[in-house]
Amino acid sequence: MRASEFVRDSGMRASSRGLVSLAAAVMLSALLVLAWLPALPASPDWTDPVDVSTQSEYDQYEPCLVLDPDGTSHVVWEGYDEYEEDWSIWYADNAGGEWSDPVLVSTQSEDDQANPRIVVDAHGAAHVVWKGYGPDGGYEKIWYADNAGGDWSDPLDISIQSEYDQDNPQIALDAAGAAHVVWEGYGPDGGYEKIWYADNAGGDWSDPLDISIQSEYDQNNPQIALDPQGGAHVVWEGYDEYEEDWSIWYSSNAGAGGLGALADGWSDPEMISPDDDWPYYPVIAIDSAGGAHVIYHGHTELSQGNCSCLYVTDAGGEWSYPVLLSDGYGQNGSYLMQLALDALDHLYVAFDADDGMIHYTTDQGSGWTDPVVVSTQSDNYNRAPSMAVDRAGNPRVAWGGYDPAGDYEKIWYAEDITRRLVTAEAVGAGAVDPEAQIVPIGGDAAVALLPDAGFRVG
């Protein structure tokens with residue numbers, strides 16, 4: 001949408017009366033411009049959950065959901081095939097409007113595979129990492145595959161620093177399409193689990209780098225996100241140097257230009273969970289200005305002993321004190337959580353709880369909303385949500401949970417697609433406010449046209 005042009009106003013005077021008249025004219029022009037927006041029908045907030053794991057009648061677990069630039073949803077998960085043998089990694093998307101048949105990704109072995117994570121590049125190609133056994137069994141390694149060539153590539157072991165078990169991989173893509181992966185695992189001599197990082201920014205995969213240098217003791221459950229310049233930001237849970245309580249740790253290679261293992265420019269790990277008792281499962285997202293936003297499962301004096309969803313950010317320059325996002329969900333409330341940002345840096349969170357349901361909350365700039373339930377297909381043990389949000393702030397959630405009959409766990413998907421991102425552009429000597437806003441379908445948008453001094457709206 002382009003706003004009206006600004007033309008020179010030779011008769012404009014700096015009087016309060018003139019300014020009021022000009023403001024009225026500006027608002028009138030704004031309303032006339034926005035009247036060109038097409039009226040769209042309203043739709044329900046959340047759709048009914050759909051089972052996407054149709055390859056099998058048996059149990060399916062731990063989905064990961066992402067969106068491509070066209071708004072298509074892509075999901076991977078671990079689960080049985082039709083014969084309920086070992087777990088495999090499966091993939092499906094709704095590019096055709098309906099969900100595709102699941103495709104087997106973990107073709108390197110028929111032994112157990114688990115913990116899949118997915119990202120999609122600018123061309124809509126999916127990139128997946130997971131942990132699993134190789135063709136000869138042995139120890140679990142970190143595997144990578146993509147469908148950039150149309151078909152899925154042969155899985156590649158990227159955890160070459162050790163022959164011992166590796167676990168919990170996470171993946172992110174930069175603007176150039178390079179993959180950045182973190183995971184927990186043992187080093188070449190065994191010992192304690194550390195946090196490892198590798199990327200293929202140089203074409204081939206780099207040697208894994210230990211970034212959890214604050215301690216020799218166990219480190220677990222890393223998460224990674226990239227800033228607009230390609231810098232990697234990682235959080236994880238782990239012991240400090242004295243092997244006391246676990247803490248949430250943060251490190252970044254943003255100062256190295258996002259080159260990661262190629263530049264070895266990681267910051268010293270920083271503890272971001274003050275005054276907590278055994279926090280775990282951190283999740284990170286980066287806003288358009290490079291600010292980090294983190295949620296994790298933990299305690300504060302506000303949570304009355306319950307494990308709850310806590311939120312911290314360094315968007316103000318220093319790490320904030322944790323904010324309590326959920327309470328009253330039981331001792332293990334908000335156990336597994338997901339965090340996402342839209343184009344305007346609004347925050348969205350999905351979590352499971354002791355009540356067996358998947359909950360959703362958002363902060364649109366005026367505070368966190370009361371959580372709502374999205375797992376309406378069953379009240380029988382829903383868990384491990386994964387969430388993605390499009391540019392207009394429409395959330396999509398996938399999770400594992402039982403069907404209405406309560407027989408087997410399946411992968412469920414629901415979405416709220418009731419919003420549009422509206423942008424405005426000024427042509428001439430002036431500006432518009434706001435340049436972008438999120439508007440409900442069927443709702444109204446308003447924008448102010450702001451001419452420079454000596455100009456008026458024409």
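Reply: **A close look at one lysine**

Lysine 194 is buried, its relative accessible area being 12%. Here, buried means under 20% relative accessible area, exposed means over 50%, and partly exposed covers what lies in between (1.4 Å probe, protein chains only). The model is a predicted one, in which local features need pLDDT of at least 70 and side-chain atom pairs count only at pLDDT 80 or more, while totals for chains, interfaces and linings use all residues. Residues are numbered from 1 along each chain as its sequence is written, and side-chain values use heavy atoms, with hydrogens and water left out.

The partner of lysine 194 is aspartate 210: the two form a salt bridge, and their closest N and O atoms are 2.9 Å apart. The bridge links distant parts of the chain, since lysine 194 belongs to strand β13 (residues 190-199) and aspartate 210 to strand β14 (residues 209-210), 16 residues apart. A salt bridge is counted when a side-chain nitrogen of Lys or Arg is within 4 Å of a carboxyl oxygen of Asp or Glu. Strands (E, at least two residues), like helices (H or I, at least four), are DSSP runs numbered from the N terminus.

**Other salt bridges**

The whole structure holds ten salt bridges. One of them joins lysine 141 to aspartate 157, with 3.0 Å between the closest N and O atoms. Because lysine 141 lies in strand β9 (residues 137-146) and aspartate 157 in strand β10 (residues 156-157), the pair ties together parts that are 16 residues apart in sequence. Lysine 141 counts as buried at 11% relative accessibility, whereas aspartate 157, at 23%, counts as partly exposed.

Another salt bridge brings together the side chains of glutamate 415 and arginine 396, at 3.8 Å from N to O. This pair also connects distant parts of the chain, with glutamate 415 in strand β29 and arginine 396 in strand β28, 19 residues apart. Here both partners count as buried: glutamate 415 has a relative accessibility of 14%, and arginine 396 one of 6%. Elsewhere, Lys131, Glu140 and Asp167 are linked in a network of salt bridges.

**The strand that holds glutamate 415**

Strand β29 spans residues 409-415, and seven of its seven residues are buried. In a regular strand the side chains alternate between the two faces of the sheet. For β29, one side carries Glu409, Ile411, Tyr413 and Glu415 and the other Lys410, Trp412 and Ala414, and both faces are covered. Two strands are said to pair if DSSP finds at least two bridges between them. Seven bridges join β29 to strand β28 (residues 395-402), and the two run antiparallel; in this pairing valine 397 stands opposite alanine 414. Six residues lie between the strands of this hairpin, where glycine 406 adopts a positive phi near 75 degrees. β29 also pairs in the antiparallel sense with strand β2 (residues 50-51), over two bridges, and valine 50 stands opposite tyrosine 413.

**Further strands**

Strand β7 is largely enclosed by the rest of the structure, because eight of its eight residues are buried. Its antiparallel pairing with strand β8 (residues 126-134) runs over six bridges, with arginine 117 placed opposite valine 129 in β8. The β7 and β8 hairpin has five residues between the strands, and its glycine 124 takes a positive phi near 85 degrees.

An open sheet is formed by four strands in the order β15-β16-β17-β18, with antiparallel pairing. Its edges are β15 (219-226) and β18 (270-271), each with a single partner strand, so one side of each is left without a neighbour in the sheet. β15 is joined to strand β16 (residues 232-238) by six bridges, and isoleucine 224 stands opposite valine 234 in β16.

**Aspartate 112 and its loop**

The loop between β6 (103-104) and β7 (113-120) holds aspartate 112. This residue is partly exposed, with a relative accessible area of 30%.
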